[in-house]
Amino acid sequence: MVPDYAGMDSVVADLVLPAGAPMHVMSTLETSRELIRHSYYRYEFATVAVTHSLVALEHVLTERSAVREPLEALVERAAEAGLFPADLAAELHRGRLLRDELVQGTRTSAAVGPLGAFLLVRAVFRAVSLVLGPSSAAEAAAADPTGSRPEDRLALLWEEHLRAPYPDSFRGVAVGGVELVLLDADVAGLVQCELHGVLDDAGVATLWACIADLDKAVPLIDSEYCGAYFARLRTMAGLVSARHVPAAT
């Protein structure tokens, strides 16, 4: 909450336009940022900011891949190419789902508030920066945005996960046919096994099944906190799986 319109400056302060972006991309992102700022006066502008920012994302991904596809496919292609990490791809999918639901009439222009819009638009700003930046920098950020070694990063994420309470409103809830509580328990157990050096072949097989379930469920979660919670699980699962990929022969 902010006390007045001037307080919105602090809300959008982290939305820094990516250097070197084409003018039309810069214009689209700047408009999205200003829509969040002006949502102080008109609440619905926050939702419009998210949908408008996706125009810039779709443009840069189309140019990068040189293929015209739906945004969902473009985001998946970029994630598979290592342009950005799985947790960021999940945030982008949440924004895309919001846009699709608006088109279908299942949600209204009051779907998200200024903070929710900020989080989704920030993901777009970050993705555009990674796509437009040097390939090596984008790949490095996707592999390890903290700059730490993979083994250290897994331990840090695990400590962060232990401090994060499970989202209560998603107990007993299935998303995309996936029971979230059970998935949380399975991945947590597998990460613990890996950290203690006791993850066996059967555990690795279970891990890959969990990754498939995470990739199915995370883009469909419509809660910012729950989405981030399971996106972190997906990142940890990816770090563990990378240690168990057979070397090329």
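Which helix holds Glu91? The residue lies in helix 5 (residues 86-104). The model is predicted, so local features need pLDDT of at least 70, side-chain atom pairs count only at pLDDT 80 or more, and totals for chains, interfaces and linings use all residues. Residues are numbered from 1 along each chain as its sequence is written, and side-chain values use heavy atoms, without hydrogens or water. Helices are DSSP runs of H or I with at least four residues, numbered from the N terminus.

Glu91 is buried (under 20% relative accessible area, 1.4 Å probe, protein chains only). Glu91 has no salt bridge (a side-chain nitrogen of Lys or Arg within 4 Å of a carboxyl oxygen of Asp or Glu). The nearest side chain of opposite charge is Arg94, 4.5 Å away. Lys and Arg count as positive, Asp and Glu as negative; His and the chain ends are not counted. Neighbours within four places in sequence aside, Glu91 is in contact with Leu119, Leu120 and Ala123. Contact means heavy atoms within 4.5 Å.

Helix 4 (residues 71-80) packs against helix 5 at an angle of about 175 degrees, and the axes are 10 Å apart. Helix 4 is therefore roughly antiparallel to helix 5 (an angle over 145 degrees). Axes are lines fitted to C-alpha atoms over the stretch in contact, and angles run from 0 to 180 degrees between N-to-C directions. Helix 4 contributes Leu71, Glu72, Val75, Glu76 and Ala79. Helix 5 contributes Ala89, Leu92, His93, Arg96 and Arg99. Five of the contact residues are nonpolar, one is polar and four are charged. Ala, Val, Leu, Ile, Met, Phe, Trp, Tyr, Cys and Pro count as nonpolar, Asp, Glu, Lys and Arg as charged, and the others, Gly among them, as polar.

Definitions and conventions
Helices (H or I, at least four residues) and strands (E, at least two) are DSSP runs, numbered from the N terminus. Buried means under 20% relative accessible area, exposed over 50%, partly exposed in between (1.4 Å probe, protein chains only). Angles under 35 degrees count as roughly parallel, over 145 as roughly antiparallel, 65 to 115 as roughly perpendicular and the rest as oblique.
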